[in-house]
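Student: I should like to work through this structure step by step, with the reasoning behind each answer. May we begin with the model itself?

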Amino acid sequence: MARISDIIEKFIVSMMTDDEKDILEIQRNELAEHFNCAPSQINYVLSTRFTPEKGYYIESKRGGGGYIKIIRVAIKDDNDIGRLLISSIGNQITTQKAYNVIENLNKNEFISNRESLMMKNAISNSALSSVEYKNDLRAKILKYMLISLLSEE
């Protein structure tokens with residue numbers, strides 16, 4: 001049986017897909033009421049499933065007329081990759097977040113399946129097993145791989 005988080009995520013993604021929109025405004029309380037869950041469950045789904053690494057940006061307005069705006073960020077050019085490097089990777093990145101970045105690039109056909117696999121293997125916990133500061137090194141490696149993909153040959 002699917003977890004409530006998975007169901008909420010699929011519902012939001014299907015709303016964006018059905019409307020063919022890259023921006024979706026929803027009421028947190030209405031969504032929580034629809035799924036018969038606490039608003040904090042909606043917050044959890046948004047903060048873990050709709051992240052910049054996965055190609056989303058969230059805006060939130062609190063209060064009586066508050067809403068949540070989910071924006072799907074399409075990677076179209078090198079400038080988008082530059083913004084992704086700055087906002088998502090930073091000085092440290094976990095394995096899962098790095099994989100999310102790579103999968104988003106692959107999904108948007110910026111990198112091939114083969115490049116995606118090579119990048120994931122290069123920054124995996126297995127590859128970095130003897131390194132003390134894995135997340136720091138992982139961020140540097142990922143940035144350099146992406147920079148090399150952007151640079152002129």
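Student: Which residues of α3 are buried?

Tutor: This is a predicted model, and a residue counts as buried when its relative accessible area is under 20%. An α-helix has 3.6 residues a turn, so residues three or four places apart point the same way. The buried residues of α3 are Ile 42, Val 45, Leu 46 and Arg 49.

Student: What covers the buried residues of α3?

Tutor: The residues in question are Ile 42, Val 45, Leu 46 and Arg 49. Their cover includes both helices and strands, namely α1, α2, β2 and β3.

Student: How many helices and strands are there in the protein, and what pattern do they follow along the sequence?

Tutor: The protein has seven helices and three strands. Read along the sequence, these elements follow the pattern α-β-α-α-β-β-α-α-α-α.

Student: What is the order of the strands in the open sheet, and which strands stand at its edges?

Tutor: The sheet is open and has three strands with antiparallel pairing, in the order β1-β3-β2. Each edge strand has a single partner strand, so one side of each is left without a neighbour in the sheet. Neighbouring strands are turned by 15° against each other on average, direction ignored. The strands at the edges are β1 (23-26) and β2 (56-61).

Student: Which helix packs on this sheet, and what angle does its direction make with that of β1?

Tutor: The helix in question touches β1, β2 and β3. It is α1, residues 4-18, and its direction makes with that of β1 an angle of about 125°.

Student: How many bridges join β2 to β3, and which residue of β3 stands opposite Tyr 56?

Tutor: Strand β3 spans residues 67-72 and runs antiparallel to β2, with six bridges joining the two. Within this pairing, Tyr 57 stands opposite Ile 71. Opposite Tyr 56 stands Arg 72.

Student: How many bridges join β1 to β3, and what is the bridge partner of Leu 24 in β3?

Tutor: Strands β1 and β3 run antiparallel and are joined by four bridges. In β3, Ile 23 has Ile 71 as its bridge partner. The bridge partner of Leu 24 is Ile 70.

Student: Which residues form the covered face of β1?

Tutor: In a regular strand the side chains alternate between the two faces of the sheet. In β1, the uncovered face holds Ile 23 and Glu 25. The covered face consists of Leu 24 and Ile 26.

Student: Is Ala 122 buried, partly exposed or exposed?

Tutor: Ala 122 lies in helix α6, residues 113-122. Residues up to four places away in sequence aside, Ala 122 touches Ala 127, Leu 128, Ile 141 and Met 145. Of these, Met 145 is 23 residues from Ala 122 in sequence and 9.7 Å away in space, C-alpha to C-alpha. Because its relative accessibility is 32%, Ala 122 counts as partly exposed.

Student: What is the phi of Asn 36, and what is that of Glu 109?

Tutor: Most residues other than glycine have a negative phi, and most peptide bonds are trans. Asn 36 lies in the loop between α2 (28-34) and α3 (39-49) and is exposed, with a relative accessible area of 74%. Glu 109 lies in the loop between α5 (95-107) and α6, and counts as exposed at 71% relative accessibility. Phi is positive in both residues, near 55° for Asn 36 and about 60° for Glu 109.

Student: Which element has the lowest mean pLDDT?

Tutor: The protein averages a pLDDT of 83, and 84% of the residues score at least 70. Where pLDDT is low, the predicted coordinates should not be read in detail. Among the elements, α6 has the highest mean pLDDT, 95, whereas the lowest, 66, belongs to helix α4 (residues 78-89).

Student: What percentage of the residues is buried?

Tutor: The accessible surface of the protein comes to about 9,600 Å², of which 49% belongs to carbon and sulfur atoms. Of the 153 residues in the protein, the buried ones make up 35%.

How values were computed: Residues numbered from 1 in each chain as written. Predicted model: local features only at pLDDT ≥ 70, side-chain atom pairs only at ≥ 80, totals over all residues. Heavy atoms only, no water. Buried < 20%, exposed > 50% of the residue type's maximum accessible area, 1.4 Å probe, protein only. Contact = heavy atoms within 4.5 Å. Pairing = 2+ DSSP bridges. Axes fitted to C-alpha atoms, helices over the stretch in contact; angles between N-to-C directions. Areas by Shrake-Rupley, 256 points an atom, 1.4 Å probe, with all protein chains shown as cover. pLDDT = per-residue confidence, 0-100.
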